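Let's take a friendly walk through this structure. Have a look at it first, then read on.

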Amino acid sequence: MAMLNFPEETFAVIATGREAKTFYVRSGALEHDGDWTPGDLADQGPSGKSPSEQTPRESMEATFSKIIAEKLYERSHRGAFERLILIADPDTLGQIRPLLHQEVSDKIVLEQAKTLTNSPIGDIEKALAE
């Protein structure tokens with residue numbers, strides 16, 4: 001286990017366009033907080049402009065990116081975290097970044113374009129410690 005050099009209660013989101021895992025840094029390690037899944041995207045509204053060449057999967061991933069940004073804002077606004085680690089595959093990170101409210105962006109202490117959602121916690125911690 002890699003010892004993480006982030007303050008206690010730093011919130012971490014490890015995401016792809018299909019799932020996200022959330023953690024808090026506690027005692028120098030990641031503690032799993034929960035999982036976010038797209039759910040029924042029909043209830044979530046459109047992802048924004050949908051180019052005609054966009055596949056249904058790309059549309060779903062764009063909508064889920066919007067959901068992640070909204071969840072981060074809601075949690076940040078109610079004071080659930082003061083610092084944020086955001087790791088997502090490059091495409092998802094590129095979709096989330098412009099959707100983040102300034103309040104959330106200001107709390108990012110680390111951002112990485114990596115796919116780690118299926119990695120064991122030890123591997124995620126190692127990537128964060130590098």
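Helices (H or I, at least four residues) and strands (E, at least two) are DSSP runs, numbered from the N terminus.

How does the length of α1 work out? It has 22 residues (56-77), so at 1.5 Å a residue it should span 32 Å, and its end C-alpha atoms are 31 Å apart, which agrees. The expected span is 1.5 Å times one less than the number of residues. After α1 comes glycine 79, with a positive phi near 85°.

## Where this comes from

This is a predicted model: local features need pLDDT of at least 70, side-chain atom pairs count only at pLDDT 80 or more, and totals for chains, interfaces and linings use all residues. Residues are numbered from 1 along each chain as its sequence is written, and side-chain values use heavy atoms, leaving out hydrogens and water.

## A cluster of rings

Phe11, Tyr24, Trp36 and Phe81 form one aromatic cluster. Rings of Phe, Tyr and Trp (its six-membered ring) pair if their centres lie within 6.5 Å; planes under 30 degrees apart are stacked, over 60 edge-to-face, the rest tilted.

Phenylalanine 11 and tyrosine 24 make a tilted pair, 4.9 Å centre to centre with 45° between the planes. Both phenylalanine 11 and tyrosine 24 are buried.

Terms used
Buried means under 20% relative accessible area, exposed over 50%, partly exposed in between (1.4 Å probe, protein chains only).
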